[in-house]
Structures are given as C-alpha cells and as structure tokens.
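Student: I'm new to this one. Can you walk me through it?
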Amino acid sequence: MNLVPLKLVTIVAESLLEKRLVEEIKRLGAKGYTIVPARGEGSRGVRSVDWEGQNIRLETIVSEEVALKILERLQEAYFPHYAVIAYVENVFVVRGEKYV
Amino acid sequence: MNLVPLKLVTIVAESLLEKRLVEEIKRLGAKGYTIVPARGEGSRGVRSVDWEGQNIRLETIVSEEVALKILERLQEAYFPHYAVIAYVENVFVVRGEKYV
Amino acid sequence: MNLVPLKLVTIVAESLLEKRLVEEIKRLGAKGYTIVPARGEGSRGVRSVDWEGQNIRLETIVSEEVALKILERLQEAYFPHYAVIAYVENVFVVRGEKYV
Amino acid sequence: MDALELLRLNLLSPMVLAFFLGMAARLLKSDLAFPEVLYTALSIYLLFAIGFKGGVELSKTPFLVLLLPALATLFLGLLRPLTGYFLARKALGVSRVDASALAAHYGSVSAVTFLAALTFAQALGERPEGFLPTLVALLEVPGIVVALLLGKRGGGNLGEALREVLTGKSVVLLVGGLLVGLLSGERGMERVKPFFVDPFYGALTLFLLDMGMVAASRLSVLRRVGFRLVLYGTLLPLLHGALGVYLGHLGGLSPGGAMVFGAMAASSSYIAAPAAVRIALPEANPSLYLGASLAITFPFNLVLGIPIYHALAKAIGG
Amino acid sequence: MDALELLRLNLLSPMVLAFFLGMAARLLKSDLAFPEVLYTALSIYLLFAIGFKGGVELSKTPFLVLLLPALATLFLGLLRPLTGYFLARKALGVSRVDASALAAHYGSVSAVTFLAALTFAQALGERPEGFLPTLVALLEVPGIVVALLLGKRGGGNLGEALREVLTGKSVVLLVGGLLVGLLSGERGMERVKPFFVDPFYGALTLFLLDMGMVAASRLSVLRRVGFRLVLYGTLLPLLHGALGVYLGHLGGLSPGGAMVFGAMAASSSYIAAPAAVRIALPEANPSLYLGASLAITFPFNLVLGIPIYHALAKAIGG
Amino acid sequence: MDALELLRLNLLSPMVLAFFLGMAARLLKSDLAFPEVLYTALSIYLLFAIGFKGGVELSKTPFLVLLLPALATLFLGLLRPLTGYFLARKALGVSRVDASALAAHYGSVSAVTFLAALTFAQALGERPEGFLPTLVALLEVPGIVVALLLGKRGGGNLGEALREVLTGKSVVLLVGGLLVGLLSGERGMERVKPFFVDPFYGALTLFLLDMGMVAASRLSVLRRVGFRLVLYGTLLPLLHGALGVYLGHLGGLSPGGAMVFGAMAASSSYIAAPAAVRIALPEANPSLYLGASLAITFPFNLVLGIPIYHALAKAIGG
Ligand SMILES: Nc1ncnc2c1ncn2[C@@H]1O[C@H](COP(=O)(O)O)[C@@H](O)[C@H]1O
Ligand SMILES: Nc1ncnc2c1ncn2[C@@H]1O[C@H](COP(=O)(O)O)[C@@H](O)[C@H]1O
Ligand SMILES: Nc1ncnc2c1ncn2[C@@H]1O[C@H](COP(=O)(O)O)[C@@H](O)[C@H]1O
Ligand code: NA
Ligand code: NA
Ligand code: NA
C-alpha cells in the first residue's frame, strides 16, 4: 500500500464564501477539494437552513506547506469578518503524490 | 500561525436526537458545532433517506476535558437505546482559544 | 471511558459508485459506514450538483487490517477509471469493540 | 355497486396503483428514490392543504353540527389506544413498552388514509362533510398521549414527548391550515384553489408512490415478526373502523362521512406517533411498530379497509 | 370600502395568515421547517413567473406608456439609498458601513412585498398595469450599487459585489423570465398558464409560511437594537411608499398601479441586498440590516403598509 | 406555414427560450443554480406524467394500431446503436470503447426531446397519436444493451449494467406511469389531470432552464474535441430522424405522429445511457459522450431538428 502522510485542512464557513474560498485554496496550491453543505452554531449564533445561507464544510488534502499558507490566508482575510472555523489534521492518503 | 491542539468529537446519530444532542454538548461546554445530514448503516440496520429520519453527523471542537464529558454522557444516556456512534481525534485549530 | 483506537477510512467518490462501494467495504469486513452527499473538484474536473451525479463522502470505522484491505481494493479496482480519493486516519472510538 | 366492483374501483385508482408501483420499484431494487426533501415538501403541501380545505368548510358549518362528531372523535382518541394496548399485550405478548408504542400508533391517525378514503367517497359521488379534516386534527394527539402515559406510568420524558406531538409539524400544519382556511374563507379559497385544491390528488398520487417504496422496505419485518402481527394489524383496524362508522352514523354524519370517519378511526399513525415514541419510549422496538403500522395496516386500509368501511356505512346508514 | 375594512381584508388573506402561521410555528418552537431546497425552488418559481407574466404584458405595452414609470423607477433607485443612508446616520447613529448596508436594503426591492400588493389590488378589483414587474427588475439593482458606493468610497470588492448583484439569481430570473415572456407572448402564455399563473398565489402562500418562520427567528433583534430601529423600519417605508404612490400617479399609472408602485418603493430587499452587502461590506452587522428589513419592514408593509398605500393612491388618483 | 416561420415558432416557445436562458445564466457566471433535488423532483414528475398520459391513451388504443409502430421502434432500437458505433469509429476515429459509449447514447432516447417535439406538434394543431410515450419506453432500453454488447464483447459488468438500465428510474417511472395510466384509464385521469397534465408544459419549461445550465457547462468540450464531433452530433440525428419519420409514416402514424417519432429516433439519451455506460464501460471518456449528447445533439434537435422533422413528415405524409 502506497500511503503518503499529508495534511487534511477542514474549513467550515458561511456558504456565501464558497466561490472565493475555492479560488483562494487553488491559488495557494490545493489540487482538489470536497464540499458538503452544513449547518452550525458558533460565536456568531446559529447558522441553519434559513435562506440567509447555511454553512459549507470544505476539505482539502494538501502538503504541510500549502496547509499553513491556507490557514494563514484565512486568519488574515476571513476570520475578522466572516463566520469561519478551520483546523488541520494528519491523514494518510492513497496515491498521495497526486495531491501535492 | 497560531494553531492550538484540540479534540474533534464526531457523533453520528439518528436525526431525531439533534435538538437534544445540541443541548447536551452545549451544557457540557462545547462552544460550537457543525452538523451535516447523513445516512448510514450499522448494527441497527440501514438508516437512509426514508422519512423515518436519516442520521446527522455532528462535529464539535472542544478541549480534552469536554470531549471526555461528552463521550461519557453519550455512552450513558444514548448508546443503549439509540443509533449512535462517536469518536474523537486530534486536530490543530486556527485561533483555537475561541473554542475552549 | 472505554476508547478504542481504530482507523477511520474516508472515501470520496462519484455517487454512481455508492452501491458497489458499500458492498465492497462490507465484504472486506466493515461493520458500518456513514455517507454524506458531497461535491468537489480534482484531477477529473468539477463534480457538482449537476445531474451527471455528484460525489459521496463515505466514512467507515474499521480495524487497521480491514482499512488496508479496503484501500488496496480501491487502488486496484477504482482508482484507474473513476473519480475517487481515499485516506485514513487515527480515531478513538466509544465502545470501539462493536466495530471490529 | 357490489363489493367486488367497489374493490376494483379502489384498486384501480391512480393513488392505490402508485402505491403498488412504489412497492414494485423497491422490490425490483430499482434505483428510483424520492429525495427526502421531496417527501417533506409533499407532506407540507398535503397537510396544509387538508387543513385549509377543512377550515374553509368549517367557516360554513354551524357549531352544533360539529359537536357530536367532535365528541365521538375524542372518545375514539381515548378508547383506541386502550384497545391497541390490551390487544398487543394479550395477543402479541409483547412487553409493556412495546405495547404502549403500538398503542400510540393505533391511537393516532394517518392523514393519508383519511385522504384516500375521502377521495374514494367522492369518486363514488358521496359528499362527506367538509369539516372532517378538523376531526383528523382532533384525533391525532390524544391517542398518543394516552399511550405514552400507559408506557411511562410516571417517568421520564413524557412532557417533552407531549410538547413534541402538540408542536409537531403535522399538528401545526393541519391546525394552522385549518385556521388559515377558517379565517380567509371562500374569498381566500378562490385565490389559492388552483394550487391547494385542483392538483391535490395528483400530488397525493406522487406521495403514495413514495409511501409504497417506504412500506416495501419495511416488508421484511413481516417475515420476522410473523403471522400474529399481521392479524393484529388487520383486525384492530377492522374493529376501530366498524366502531368509527357506527359512531359517525350516531353523530349525524352522512353515509359518506361515516365511512371516512371509520377509515380515520381504523388508520394508524406513521408520522407523529413514531417521532413521539422514539423520544419518550426509546426502548420500544421500531421494527415492531413501524412494520405493523406501515407495512400492514396502511396497505390493508388502502386496499381492503376503505371499501369495507364503505359497505358498512351503506349498510347502517344508506 | 373604509380603512378598517381594507385592513381586515388584507389581514385575512391566505398569504398574510400563512405568514403569521409561520411566525407562530417558530415562536411555539415547532419542529416545522422548510428544507432550504423548498425555499430555493419556490423562489425560482416565483421570480421566473413574475418576470414571465410581466414580459407577456410588456409585449402588449407601447413603449411610450412605459417611459415615465421607468424614469420614476430609476429616480427612486437613486434617491432611496440616500434617504436610507442619512436617516440611518442621523436617527440611528450607526457607523458609515452599517448605514450603507441598511441603505442597500432600503434602496433595493422585495419581490414578495410587490406580489402581496399586486394580489391585494387585484382582490379589490383594481387593474394594476401589466408591466409593473419590469419596474421591479429595474428597481432592484441601482439602489444596491449606490449604497455600496457610499460604503466603500473607493475600496475593495465593489466590482465583485456589483457583478454579484447583476448576475445574481433574482435579477437573472426576473429579467430572464421577462425576456422569455416578451418573446413568446400570448401564444407562449397559453401553454404554461396552468403552471406559472393559476397556482401562483397558492405557491406564494406557502412561501410566506416559510418567510414567517424566518422573520420570527429574526425577531430577537428587536429587543436588542430597540425602538429606534423599529421607527426606522416603519417610517422609511412610509416615506418611500408615499413618494412612490405620488410618482406613480405622476407617471400615469392607474390608482391600482400607483399603489403597487408605492409598495415597491416602500419595500426593502432581503435576497439580493444581503448577499451583496455580505461580500462588499463584511464589517457591517447582519443583525441590524436583516432584522430591520425582515423582522420590521417586511411584516409592516405586508400588514399595514399595503392598505395605507392603497388609501393614499385612492386619495390622490381615484 | 413556411420553414422560417416554423423555426421562429419553435425558437420563441417558452421551453426553448428557457433553455437559452439557462445557457446564458451559466455563461454569465450567474449564481443561479437548481438544487439537484429540484432537478430530480422535476424529472420524476415529467417521466411519470408522460408515462401516465401515454397509458391512459393506450387504454383506448386497439392493439393492432400499435403493432407496426412498436416493431418500427424495436428495429430502430437495434439499428441506431450500430450506425452510431460505426460512424464514431470511421468518422471520429475513437477507440472501440468510446464508440460503444457514444452508440449507447444515440441508441437510447431523450424524453425531453420527445416532449419538445410533442409540444411543437400540438402547438401547430397536429394530433400525434396518444400511444407515443409507450414507444419512448420501448426505445429506451435496447439501444443501450446493443451498444454495451459492442463495447464489452464478453467481459465484465454487462449484466449489472443491463439490470441497472431495466430497473433504472427512468424506465421504472415511464413504464410504471404507463401501467398506472392504462389501468386507471379516463376515470383516473379526471382526478389527477390538474396535476399531471395541465401544468406539464410549465414544469417542462423550468426543467429546460436547468438543462440549459447543464448543457452550457458542457460547451467547453466543443473546443477540445473539435469540429468532427459537432458533425457527428448533428448528422447522426438527421439520419436517424429522417429514418424515424419515414418508418413512422410506413407504420401508419399521422404526420404529427411521424414527426414526433422522428424526433424520438433522432434524440440521444443523457439520463439512462450515461449511468449505464459509467458502470459498464468506465474506461470511456465522459467528456466525449456527454458533450456530444448534451451540448450538441440535444440543442440541435430542440432548435433545428424538430422543425426539420416536421417539414419532412409533411413532405412525406401530409
Ligand atoms: N467549536 C466548534 N466545533 C465545530 N464547529 C464549530 C465550532 N465553532 C464554530 N463552528 C462552526 O463554524 C461556524 C462559524 O463559527 P463562528 O464564526 O464562531 O460563528 C459555525 O456556524 C459552526 O458551523
Ligand atoms: N463502523 C462504522 N463506521 C462509520 N459509521 C458507522 C459505523 N457503524 C455505525 N455507523 C453510523 O452510526 C449509525 C448508527 O449505528 P448503529 O447504532 O450501530 O446502528 C449508522 O447508521 C451509521 O451512520
Ligand atoms: N486534494 C483533494 N482534497 C480533497 N478532496 C479531493 C482532493 N482531490 C480530489 N478530491 C475529491 O475527490 C473527487 C475525485 O477526485 P479526482 O479523481 O481527482 O477527480 C473530487 O471530485 C473531490 O471531491
Ligand atoms: Na468567525
Ligand atoms: Na447504537
Ligand atoms: Na480518480
């Protein structure tokens, strides 16, 4: 089994940001991503299925370097004004070379 | 990058429990959560999109202490009678101080 | 707290494969799984809500041995022709003995 | 029209056929599936529309006409969970908790069975009373409450379950639609008729297609729980149905009305009751109550029950 | 018909009642919830249908008849964000950015308020001009642009926000439906009338049920931001509404048309504007603008505003 | 009516215009998007409704009238994949697997193209035979099977793919709806007409709006695969369409019926075939077959093909 250790970055954000977040992570080096619609609650209150827009949960598998770049960009440009949360973890990826 | 190591608790449960689970985890100290609708299969058979209610997949980022409290509460009050599964893992969270 | 260290295998694949993937992982020893509908982008371009079918994100908690079998099977039979990505990580599961 | 002709007429309605098509699709392992959202959307539409039509009719009904049928409904709401409970204990030999769970289902009501009966009556040229949806709303809640009381005898989450039933979406939509119809009357009806009335039976047909798929996926329970549950799920509705027809007749309903009233009494819940039971009686076995209510009683009423209650109503009142 | 009678008529329409039912459901903590997809589907349907009907009417309207009302609309599109901005700065004392966000909402338009006014007018036997939906499309965009210009004064994401508004789904559906209606004309209308016209008010009723739930979940803002926001959210529509009725009258609209035109002018956006503001002015406080637009101005117009604009239009033009 | 007039009439129908609106929305990068569930719901509705209407008509059709058209359909179901395969091999020079994938698409049928042709015929006052939907169901499956046989020649997942096609949702809904219509007949039709018949064309319009968006997102393939695929995707339908019109005429269909039959023959699948091909021939390139079927042939038939088949049918039979 060819398993490559990589970083999985997960971002939960208001769905309005989807297009911009996708552009950002691609620009910073992500080769792909997976998105599921989500709802949630945090410091900015409940974000649910109401029309004002729910959340998205975006995952991207990237190298450590790209992961850090993404998180920095989020911290700088999105955390101050938008409902966003982001975390990173270690995963082992089949054919991981495709994703770096 | 200011990354705080925290626990990510994931709970998959029948969707009927959503309101109660959210109340429980908040009471036990969770500052936020993210939910996505899910379907699945386990010891209690298939739980799919049928109207009898699908599953939810609830994630919450918390301190180790809160994580343990949540898992204990689940084990005690929900595992016996409901379709529930729960696991915990280590993640590194941007601005993690917000979530403890 | 009775927490058992196990493997969480996550597979993102085109939704057309759902039935077959579920059969495969059960045959290889998985005792359960959780699926959420997803969209995404990778080497095969955007896979979104269009009718040609979106993705699914399938998670299954298994022993290390079963995890490796699943990943090998994917690599051999699905990676060449289908839009699939798979990764594995370490999780701690409540009442984990149920899942091995 | 003789019994066989009635049965044929019922069987060959688009609604009943769609139900069988749904079952067939599932048994053939077709990938046909209704997105859950479509199910939810259709049920919101159907429940609100029933309530609304009932409300508009109610706005034209003198209070006195309603009194006796309403009392009969309450009486059935209290009695049916008891018969359901004791029959389950004696004939099925299940635990107290499982018996209460079954009682909650056979104490409440199925809006779709009600609708199928209504459609059938109208197709035969009967004119069931317009206020009957009001009675559906009235019958939905008390049976569940009585049954949960039987199951808990003073413990746990009863309050939560009760609140859940009363503010549950089926009650809110039925009662809410009723109020909207009552207050806006004929004048409101004119505006929304092409949405809430004319396409109603077609939407119901689509809904029954989905119900057929759901019911088929519960069929396996029959093999497991066996013959006695089948008896339970057919004799109990016959008993309740006959009682309902009779009480409806006593309460002054027309034959068509008494027949629909009987079908209501004979029906078992599969929306409000399962949710309430799952919260209040989590130890109860869902296969049992869902299987009985959905895979036995619902199709039984749809196919055989409705023509039978019609024949009864004719025999008593027509 | 006197004022009270008008109010009663408006209050007891299925649409307004459904809105209150939605609010009640949320306040009772019912589990009734519209799946987001149902909301999206209904709004696609409603917007396209309004546009389409408007387009078919437009195909029968001479250009000159449209000229003055269109100019009046553009004028309102430029003026309203300014009054919204300055009133917010002076009376609410909020920051420049929050004032611009509010201005974007009160500078744009609510298609549902427009529809409610249209329905009301038609229920009274008025015949508002068929091309009014064209004006809705015309009024939607400029107000948002002006407001964002006020908020940015030369920075950031204005271009993106503008593109977002112009290609936003509400503009595309309204304008696109309009073009489809314009090009296919009466002949096209014949084919799709039973889908886009007849069931329209029923669909709108269901939509308002959902809007009621959303508005109720925004009610809490009232307690927090207090009385001054309530004044802002009612006086500003009254001002804009009166102006709209007057300009509509000058522009040659019938009394019914002037009244609907006034309601348009009085309405505040809660689809296009929030999305644009969230992108272009992320520092603005959503509770403020969503609360004002959705929990104050929308219900105010729905319940009180529309009959008032009607009375005004009658006083001036009837 | 001359050719240009026909084309204009077709182009300016709400359905075709909605398709272009969808394309425009995507090309303008509008955020307009149909939730997948809405697409699924509309396609369930459309397929069941076509089947149902066809079934009701069938219940009034003598068996003999159906015989020849059914044989012609089967013949086309066997022939079309072969022409599709060999043209792909010779003219496009693609691999055996890719040619089979294309053959599966051009061997099956597009329900929406069929509907557009039907609508067009009806708008011209023609009266296409009521049993045509039966033929759609008959044409859907064999072409795919033949094509997969060509692609596999004795390997792999053919059985699974075949089962997938036969129990696929489009076949189940079409054939199931047909049976429901056949069994419930005019009497059933009466009850559900305001849902399954009257609003049909409007629902189709909305569906085509979505199809336009999907097709536009496939347009990029044209640049990549180039001119030869465009020829393939237009000449093949013309050939099949002419053959279809001719066989329809021989089979005894009215001119309107022959024209719709031609459009069926000319159409290519984009629901059943892609799913079957993806399972049975995963090595085939989806850009190729989806691009050809959806971005070339579907719009070609919708805009130009249908009036052409109409002219042909008139020339031969009218
Ligand atoms: N502690 C948490 N665990 C999981 N998800 C969270 C947590 N806090 C916030 N979120 C998610 O992130 C979104 C934005 O958070 P916030 O900006 O804090 O309102 C919320 O709507 C949740 O979906
Ligand atoms: N081994 C597993 N891996 C992932 N999800 C699981 C697993 N087992 C159960 N689940 C999820 O947990 C739900 C309840 O499980 P159970 O109580 O075992 O029926 C299922 O419907 C699945 O969604
Ligand atoms: N780097 C990545 N991170 C997260 N998800 C990915 C990544 N690459 C691909 N995916 C997901 O896997 C699916 C198939 O990928 P592919 O086969 O590369 O087109 C995509 O549609 C995405 O949902
Ligand atoms: Na945030
Ligand atoms: Na469990
Ligand atoms: Na792949």
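Tutor: We'll start with a ligand site and then turn to how two chains are related. Keep in mind that this is a predicted model.

Student: OK, ligand 3. How many residues surround it, and which are the closest?
Tutor: 19 residues surround ligand 3. The closest are T34(A), I61(A), S43(C), R44(C) and N55(C).

Student: Why is the site called shared?
Tutor: Residues from chains A and C surround ligand 3, so the site is shared between chains.

Student: Which polar side-chain atom lies 2.7 Å from an oxygen atom of the ligand?
Tutor: That atom belongs to S43(C). N55(C) also has a side-chain N or O atom 2.8 Å from an oxygen atom of ligand 3. On the chain A side, a polar backbone atom of G32(A) is 3.5 Å from a nitrogen atom of ligand 3.

Student: How much of ligand 3 does the protein bury?
Tutor: 99% of the 480 Å² that ligand 3 exposes when taken alone.

Student: Which elements give two or more residues to the shell?
Tutor: From chain A, β2 (33–42) and β4 (55–62). From chain C, β2 (33–42) and β5 (84–94).

Student: And how do the shell residues divide?
Tutor: Seven are nonpolar, seven polar and five charged.

Student: New topic. What rotation superposes chain F on chain E?
Tutor: A rotation of 120°, with 0.0 Å of shift along its axis and an RMSD of 0.0 Å. That is the relation of a three-fold axis.

Student: Which residue of chain F comes closest to that axis?
Tutor: V37(F), with its C-alpha at 4.2 Å.

Student: What about the surfaces the copies use?
Tutor: They are different: 3% of the contact residues of chain F recur in chain E.

Technical notes:
Residues numbered from 1 in each chain as written. Chains lettered and ligands numbered in written order. Predicted model: local features only at pLDDT ≥ 70, side-chain atom pairs only at ≥ 80, totals over all residues. Heavy atoms only, no water. Near = heavy atom within 4 Å. Polar contact = N/O pair within 3.5 Å; in protein donor to acceptor, adjacent residues only side chain to side chain. Areas by Shrake-Rupley, 256 points an atom, 1.4 Å probe, with all protein chains shown as cover. Helix = DSSP H or I, 4+ residues; strand = E, 2+ residues; numbered from the N terminus. Nonpolar A, V, L, I, M, F, W, Y, C, P; charged D, E, K, R; others polar. Least-squares fit on C-alpha atoms with pLDDT ≥ 70 in both. Contact = heavy atoms within 4.5 Å.
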